[in-house]
Amino acid sequence: MITDMNTQQCLKILNDNYIGHLAYIYKNLPFVIPVTYFYDKKNITIIGYTGEGHKTRALKLNNLVALEVVEIKAIDNWKSVLVQGAFEELEGPDAKYELHKFSIGVKKLIAEKEKKELRFIPQITGKTNPEAKPIVYRINIHEITGKERNYEQDSMSDPFFKKHKKDVESQSY
């Protein structure tokens, strides 16, 4: 069964991850790209870092975005969060401060999840062109929703499964 997640559950998914898919519109066409992000739980915003390019040109024209973050353990055991919000390019001291939070936060998550120690920002971001102007940005969250599916919960609440559990488990395919 697929169920809705509450806001706290959604924010936990954002907080525990650092890779998402950013969706935006450019020249009346939809685009979805992977991005590295950091969830700033104090300000309830998303922080990102990139180079000047297609994405930033598009977002300066239309700043409305969606960010999807998923945790997939199996086809029948997953969680998906959708953030809808507005892109905001940061400059000056704000950009430096937010970039510092982004760098420290993402490196900490990578160390915890992947057991890797990273030292430099290019190791953790999509900014691959060293000649591109660096852009620090924030996504101001307007709405957040989430869905989850858990097979164990599905099977426990399914009357058919309860009635025929032994038959289903003994079948080989």
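Trainee: Which residues line the largest pocket?

Mentor: Keep in mind that this is a predicted model. The lining of the largest pocket is made of Asn15, Phe38, Tyr39, Asp40, Lys41, Lys42, Gly105, Lys108, Leu109 and Glu112. The pocket has a volume of about 210 Å³.

Trainee: What makes up that lining by class?

Mentor: Five charged, three nonpolar and two polar residues. Strand 3 (29-40) and helix 3 (92-114) each put in at least two residues, and the largest share, four residues, is from helix 3.

Trainee: And what gives the most to the lining of the second largest pocket?

Mentor: Helix 3 again, with four residues. That pocket has a volume of about 160 Å³, and its lining divides into seven nonpolar, one polar and four charged residues. Among the lining residues are Tyr49, Glu89 and Lys133.

Trainee: Glu89 and Lys133 also turn up as a pair. Why is the contact of glutamate 89 and lysine 133 called a salt bridge?

Mentor: The cut-off is 4 Å from a Lys or Arg side-chain nitrogen to a carboxyl oxygen of Asp or Glu. Here the N to O distance is 3.7 Å, so the pair qualifies as a salt bridge. Glutamate 89 sits in strand 6 and lysine 133 in the loop between helix 3 and strand 7, so the pair ties together parts 44 residues apart in sequence.

Trainee: What makes lysine 101 and aspartate 40 a salt bridge?

Mentor: Their side chains meet at 2.6 Å, N to O, and the limit is 4 Å. Lysine 101 is in helix 3 and aspartate 40 in strand 3, so this pair links parts 61 residues apart in sequence. Both lysine 101 and aspartate 40 are buried.

Trainee: How far apart along the helix are lysine 12 and aspartate 16?

Mentor: They're four residues apart in helix 1 (residues 7-16), which means about one helical turn. The whole structure has nine salt bridges.

Trainee: Back to aspartate 40. Which residue is its bridge partner in strand 4?

Mentor: Threonine 45. Strand 3 and strand 4 run antiparallel, joined by four bridges. On the other pairing, threonine 45 stands opposite asparagine 140 in strand 7, and seven bridges join strand 4 to strand 7, also antiparallel.

Trainee: Why is strand 4 called largely enclosed?

Mentor: Seven of its seven residues (45-51) are buried, so the rest of the structure largely encloses strand 4. Both faces are covered: Thr45, Ile47, Tyr49 and Gly51 are on one side, with Ile46, Gly48 and Thr50 on the other.

Trainee: How do you know that threonine 50 is buried?

Mentor: Its relative accessible area is 6%, and buried means under 20%, so threonine 50 is buried.

Trainee: And what makes the pairing of threonine 50 with lysine 55 a polar contact?

Mentor: The side chains are joined at 3.0 Å, and the cut-off is 3.5 Å between N or O atoms, so the label holds.

Technical notes. Residues are numbered from 1 along each chain as its sequence is written. This is a predicted model: local features need pLDDT of at least 70, side-chain atom pairs count only at pLDDT 80 or more; totals for chains, interfaces and linings use all residues. Side-chain values use heavy atoms; hydrogens and water are left out. On a 1 Å grid over the protein atoms alone, a cavity is a set of points where a 1.4 Å probe fits but cannot get out, and a pocket is an open set with protein on both sides within 12 Å along at least five of seven lines; lining residues have an atom within 4 Å of a point. Grid points are joined across faces, edges and corners, and a volume is the space filled by probe spheres set on the points. Ala, Val, Leu, Ile, Met, Phe, Trp, Tyr, Cys and Pro count as nonpolar, Asp, Glu, Lys and Arg as charged, and the others, Gly among them, as polar. Buried means under 20% relative accessible area, exposed over 50%, partly exposed in between (1.4 Å probe, protein chains only). Two strands pair if DSSP finds at least two bridges between them. A polar contact is a pair of N or O atoms within 3.5 Å; within protein, one must be able to donate a hydrogen and the other to accept it, and residues adjacent in sequence count only if both atoms are side-chain atoms.
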